[in-house]
Amino acid sequence: MAGRAPLSSLLPEVNFSDWGDVRYLHLGTEWVQGSMRLDAPYEIELEYVQRMMAWLLFVAPAEVPKRHAMQLGLGAGALTKFCRKQLRMRTTAIELNPQVLAACRGWFKLPPEDAKLRVVIADAAGEIRKDEWQGAVDALQVDLYDHEAAAPVLDSEAFYIDCRRLLTEDGCMTVNLFGRSSSYERSLAKIAAAFGPEALWAFKPTREGNTVVLAQRSPERPKRERLAERAQAIQTRWGLPAPKWLRVFKPVSS
């Protein structure tokens with residue numbers, strides 16, 4: 001089964017496909033830009049997207065609903081839905097393509113906007129420089145790929161400096177880096193230049209080649225026992241496999 005949104009002359013067409021009980025979002029190619037389990041639309045289905053929630057390891061569970069999450073790139077809305085519906089956070093998504101938003105609402109169960117959910121149709125590079133966002137984001141999730149999914153669309157040191165400025169003092173950014181190892185190393189160096197090498201943590205790559213990097217506004221190195229306690233709480237409260245994360249998630253510089 002497949003569906004289509006209207007074509008735009010400037011942006012790629014948006015379509016979806018169903019395989020078993022999973023629905024996938026595509027931008028006019030076979031590359032998967034997001035997914036949703038049809039019987040669990042507010043859970044996160046893809047492993048790398050689950051790992052984009054690793055900032056939860058650095059926040060006391062009771063504090064989570066008081067925080068503000070922002071996604072750069074809506075995809076199939078998995079992170080936006082999870083932050084708003086499961087974590088009950090104030091949630092803002094920045095998306096360039098209005099047809100992606102239409103697809104999320106029509107095919108991927110994105111809830112309507114309310115006092116805690118806002119979707120801004122804009123170029124993330126310019127939008128995040130606005131005064132209203134500076135120092136206002138606790139969890140920034142960056143997953144910006146074009147229709148070929150070859151490399152991040154925004155991936156400069158200046159962009160990551162802008163991302164750091166969005167964060168609260170104890171805020172975190174998670175970034176999906178997908179591509180060849182040389183591309184990953186270049187991206188990591190730019191993030192380190194913006195945040196400082198001591199602020200970086202990284203997962204080992206998934207089987208599909210996605211590497212999630214976490215950068216902290218204020219670097220900290222919690223003891224392993226505290227991380228293990230948080231991981232168990234994350235799994236118990238929200239069903240994410242956080243105890244498994246700790247086997248493949250480490251500071252970049254030890």
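View 1. Residues are numbered from 1 along each chain as its sequence is written, and side-chain values use heavy atoms, without hydrogens and water. Because the model is predicted, local features need pLDDT of at least 70 and side-chain atom pairs count only at pLDDT 80 or more, while totals for chains, interfaces and linings use all residues.

**View 2. The protein as a whole, with 8 helices and 12 strands.** Helices (H or I, at least four residues) and strands (E, at least two) are DSSP runs, numbered from the N terminus. The radius of gyration, taken over C-alpha atoms, is 17 Å, close to the 18 Å that the globule rule gives for 254 residues, so the protein is as compact as a globular protein of that length. That rule is 2.2 Å times the number of residues to the power 0.38. Along the principal axes, the C-alpha atoms fill a box of roughly 50 × 40 × 35 Å.

**View 3. Helix H2, residues 78-86.** H2 is mostly covered, with 7 of its 9 residues buried; buried means under 20% relative accessible area (1.4 Å probe, protein chains only). The buried residues are Ala78, Leu79, Thr80, Lys81, Phe82, Cys83 and Arg84. After H2 comes arginine 88, which has a positive phi, near 60°.

**View 4. Buried residues across the protein.** Of the 254 residues in the protein, 55% are buried.

Technical notes: Buried < 20%, exposed > 50% of the residue type's maximum accessible area, 1.4 Å probe, protein only.
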